[in-house]
Amino acid sequence: MLCKRMASHVKRAKAELEEIRARQRAMSERLIGTYRQVLERLDPGSETSAAGVEAVARAMEAVTSCAAGAGQVQALGEMLSALVVQTHSMQTVRAAVEQAGGFAAQLADIEEVAAFHGDAHELLVYRFFKKDRPAPFELAGKLRLKATSSDDSVLAALAHPREHSPKRRDFIPLPPPVEEDVPESGIAFASGNWRRAVTDRRRPGMVARRHFEAMVFCYLAEELRTGDVAVLGSNDYADWSAHLLPWDECQPKLAAFCEKVGLPDTPAGFVAHLKGAHLSAAAHLDAGYLDNADLVIDEGGVPTLKRRRGKGSDAEAERLAAEIERRMPERSLLSIVARTAHWLTWYRHFGPASGSDPKIKDKLGRYSLAVFTGGINIGPYEAAKHIAGVTARELSMVRNRHITLKKLNAAIADVVNAFAELDVIKAWGDGSTVAADGTQVDTYIDNLLAETSIRYGGFGGIAYHYISDTYVALFSRFIPCGVWEAVHLIEGLLANDSDIQPSTVHADTQGQNFPVFTLDTLFGFDLMPRIRNFKDLIFFRASEKIAYPHIDQLFGESGRNVIDWKLIDKHWIDLMQVAISISEGRLSSATLMRRLRSNSRKNLIYKAFREVGRSVRTVALLRYLADPALRARVTAATNKVESYNGFSKWLGFGGVLADNDPEEQEKLIKFNTLLANLVVFHNALDISDVVRQLVAEGWSITADHLGQIAPYLRAHISRFGAYATDELRHRPDPFDPLLKEVDFSDVELAA
């Protein structure tokens, strides 16, 4: 909350600065107008100034040529005349200033304009910070803070305002210097704007107490976010580097880990692997530039891609889709849950935590009802009103005591594995790619994790889904709105225990940054996001010695934006230590990503992650510009996850997440994911049955036609009404995973 609040204060200060700038535009115009009038009156070419100059010249001539007596009187007369003319000239200048508001008002306006020129929002932070001032000081006194590097300058500075907090004086002494000969070295960590905000030339050796307090807490919040300051005894804000597996323990695991992820197990080999991919991608784009009808690079090095129209679906595929949708048998959601429970026994993962907990006789029925009600997001008491033969207490006990996040993940993996055995999914994908994206979900307002999402425009949290190219959800989780979604990208990929293990990851712009590219690479994933702002990104060179005939302007000036391969080689051990520690469960990837932020000033591991990420992202961008088929696949994958988001929301029609416990919120997201996968699985079976009927009637159906039909069909599913529990006892006939009527041997997956 401290980090969020300080970020909010800075954001509001920047917004206030923009409002001040808007007001100052008119003020600046008035000042310029007054200054123009003053210059016009002081201009040597003006009538007033010319008269003054002529009078002074006559006076000087009289003084130099005068004699005693009458000559002196004449000289004095000429001097008085010159003074009168000069006084009149100054009076016109003074009149212009008075007409503009007076000297005091003009000087005040000049001071205000000068105070907020440039990006000097720092002077405004305290006016928002002062409302919360007691809480940060209380937190600083109770939290056990520790610098994670040898640079503890922020914590040293924090002790200073805490010491002077009871005092109400405007200025306090500078904090103790870090370097004896440099008095201001105690605030050397601060930016130039902050140092100007807290110091005053008229008071050497002092700092403005209010601005100094705001500055220190802004830097403390930032270093907590980056991991440069840790909170002892905490979870997310602990010293993440302390959880790393010692290198002596990593070395025996290194060869097996590198073989699994497909990376060389030496620093030189790793650098050669990255550099070779970088040089190859750049050479490929340059060689094909003249034949690339979609790409244009202007003189400034800005790339532009022409829009391509999707090939759409042909008439035969549309006819098939309409016929399949018309023939899909009507189902209720509860019936789908029950039928899949009989077939797959996914509910076997649920049960009491210990032998002393209450047992359930009708496991299939009770667990099916729990998944059904949790998936559509209605509470036990509301569900009991619509379902005969079950009480709210029974539903609540099952959902709270028999079903955990781990057990839900196991049930989801069961359904994914069964889905992977169906022939029909070969028309949709081979499971080698996954798309990750979030969608906003509503929660109660009085919730620590809930906030307004700028991206989605609603209030609540984010359901983050990993959707296979076969349309099934591999993993889901709940995350707050205020975090960068890329932080959680790798965590879900590593938590996926199903038989579908993708190697290529697609995401939107939110799903990428330098450390994320690096971590995906370290675990053998090929991250290919859809980056909308690629025109604004920096393309890095693999070597300063290579110039390309056609695309060299992409990389900017020669000798700049060059990958530091020596830095990567030097910190290769650190990279491997982090990756192996995550794979061994010693460190959460989400915790790591939250700490490896772009504004970490001290973290050497961040610098290594950033350098690898620069190379990997540049390669991804070069491939994206060179290959229209790749761009189509990225778009198709991200469209699939968008379709899933809409489908899962259609199923979860119960309303907001009515629980403020973060674990229960995530459990509701996973209930919805399990329900969606059950419906997708059953839809795939029903589609197969309809295809068999159509082939028997003489239809010619190809895998390409089936590939244009998503299993997110919903028109045949009833969601509302009184739910009949007798459906739970009807054992369905065995299903047939094979679809021999369609040839999948030469399928072309639809882009």
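Val 434 finds its bridge partner in Val 505 of strand E12. The model is predicted, so local features need pLDDT of at least 70 and side-chain atom pairs count only at pLDDT 80 or more, while totals for chains, interfaces and linings use all residues. Residues are numbered from 1 along each chain as its sequence is written, and side-chain values use heavy atoms, with hydrogens and water left out.

Strands here are DSSP runs of E with at least two residues, helices are runs of H or I with at least four, and both are numbered from the N terminus. Two strands pair if DSSP finds at least two bridges between them. Strand E8 (residues 433-442) runs parallel to E12, joined by four bridges. On E13 (residues 526-527), Leu 527 is the bridge partner of Val 505, and E12 and E13 pair in the parallel sense over two bridges.

What covers the faces of E12, or are its residues buried? Thr 504 and His 506 on one side are buried, as are Val 505 and Ala 507 on the other (buried: under 20% relative accessible area, with a 1.4 Å probe and protein chains only). In a regular strand, side chains alternate between the two faces of the sheet.

A nonpolar core is a set of buried Ala, Val, Leu, Ile, Met, Phe, Trp, Tyr and Cys residues joined through side-chain atoms within 4.5 Å. The largest has 168 residues, of which Ile 324, Trp 346 and Leu 706 touch the most other members. Helix H25 (residues 662-696) gives this core its largest share, 16 residues. A second, separate core of 40 residues includes Tyr 126 and Phe 137.

Technical notes: Buried < 20%, exposed > 50% of the residue type's maximum accessible area, 1.4 Å probe, protein only.
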